[in-house]
Amino acid sequence: MPKFINYITSNIRTIIVLCFLLFLAIYSTYKYNQTYEIQYSYEGIKYQANNLNSGTPVSIEIDGVYKKGYFGNADTFTGNILIDGALCYSQYRHKSHEYAFNNYNMGLIEAEGFKGDLFIGDMFNEITIELHEIDTKGLESFSYMNGWLISALSSNREQATQISNRLIQRLHKDIIIE
């Protein structure tokens with residue numbers, strides 16, 4: 001027994017470092033695999049940039065599992081997003097319900113009749129979608145001068161533009177939507 005105690009006391013720093021590294025590995029594994037259930041149903045506004053007379057209410061439902069990405073991996077959401085009852089899909093994995101978000105919390109979304117960029121706040125507490133126009137050749141475009149957007153959680157156009165500016169300016173710092 002005294003040899004064991006002598007070994008412990010003479011290598012205490014090494015043992016402390018190993019215990020810390022073990023704790024760090026367990027904690028990292030736990031955080032990396034942690035998921036969050038998301039279930040939101042909110043009202044938003046569909047509006048046209050720089051057209052102060054535009055603004056139509058839309059309903060948005062989000063139901064699924066959100067997983068934060070660590071070590072350079074993308075945040076992901078697996079589940080359903082419905083906009084006015086239309087089921088949306090991810091362009092990340094063609095026609096799937098798994099959405100990936102870059103460092104600016106931007107992902108790609110599509111539904112019957114539209115494609116766009118989806119910007120989210122922390123775990124979908126607010127969202128903005130840039131609705132891309134699709135020409136006859138299938139090419140997509142969006143303009144901050146007159147493009148259409150959807151923002152939620154908002155009850156009027158002013159709130160919608162504030163949310164859009166806050167979320168989009170993470171990626172495009174100089175963009176201001178009116």
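## Basis of the description

Helices (H or I, at least four residues) and strands (E, at least two) are DSSP runs, numbered from the N terminus. The structure is a predicted model, in which local features need pLDDT of at least 70 and side-chain atom pairs count only at pLDDT 80 or more, while totals for chains, interfaces and linings use all residues. Residues are numbered from 1 along each chain as its sequence is written, and side-chain values use heavy atoms, with hydrogens and water left out.

## Overall architecture

The protein contains three helices and 11 strands. Read from the N terminus, the order of elements is α-α-β-β-β-β-β-β-β-β-β-β-β-α.

The radius of gyration, taken over C-alpha atoms, is 23 Å, whereas a compact globule of 178 residues would have a value near 16 Å by the rule of 2.2 Å times the number of residues to the power 0.38. The C-alpha trace spans about 85 × 30 × 30 Å along its principal axes. Of the contacts between residues at least 6 apart in sequence, 46% join residues at least 24 apart, where contact means heavy atoms within 4.5 Å.

## Surface and charge

The accessible surface comes to about 10900 Å², and carbon and sulfur atoms account for 56% of that area. These areas come from the Shrake-Rupley method with a 1.4 Å probe; for residues, only the protein chains shown count as cover. Buried residues make up 36% of the 178 residues; buried means under 20% relative accessible area, exposed over 50%, and partly exposed in between (1.4 Å probe, protein chains only).

There are 14 positive and 19 negative side chains, and the centres of the two sets lie 13 Å apart. Lys and Arg count as positive and Asp and Glu as negative, with His and the chain ends not counted; the place of a charge is taken as NZ of Lys, CZ of Arg, CG of Asp or CD of Glu.

## Nonpolar cores

A nonpolar core is a set of buried Ala, Val, Leu, Ile, Met, Phe, Trp, Tyr and Cys residues joined through side-chain atoms within 4.5 Å. The largest one has 24 residues, and those with the most contacts inside it are Ile60, Phe77, Ile81, Leu118, Phe124, Ile127 and Ile129. At least two residues of this core are supplied by each of S1 (35–48), S2 (56–67), S3 (75–83), S6 (98–101), S7 (106–111), S8 (114–120), S9 (127–134) and S11 (148–152). The largest share, four residues, comes from S2.

Another core, of 13 residues, lies apart from the largest one, and its members include Ala49, Met106, Tyr144 and Ile177.

## Loop between S8 and S9

Met123 lies in the loop between S8 and S9. Its phi is near 50°, a positive value in a residue other than glycine. Met123 is classed as buried because its relative accessible area is 17%.

Phe124 is placed in the loop between S8 and S9. Phe124 has a positive phi of about 70° although it is not a glycine. With a relative accessible area of 0%, Phe124 is therefore buried.

## Residues of strand S9

Leu131 lies in strand S9 and is buried, with a relative accessible area of 10%. Not counting residues up to four places away in sequence, Leu131 touches Lys46, Phe114, Lys115, Phe142, Trp148 and Ile150. Leu131 and Ser54, 77 residues apart in sequence, are 15 Å apart in space, C-alpha to C-alpha.

His132 is found in strand S9 and counts as buried at 14% relative accessibility. With neighbours within four places in sequence left aside, the contacts of His132 are Lys115, Gly116, Asp117, Glu140, Ser141 and Phe142. The C-alpha atoms of His132 and Asp117 are separated by 7.9 Å, the two residues being 15 residues apart along the chain.

Ser151 lies in strand S11 and is buried, with a relative accessible area of 0%. Beyond its neighbours within four places in sequence, Ser151 is in contact with Gly44, Ile45, Tyr47, Ile127, Thr128, Ala160, Ile163 and Ser164. A C-alpha separation of 9.7 Å is found between Ser151 and Pro57, 94 residues apart along the chain.

Ala152 and Leu153 are joined by a cis peptide bond, with omega about 10°. Leu153 is found in the loop between S11 and helix H3 (157–168).
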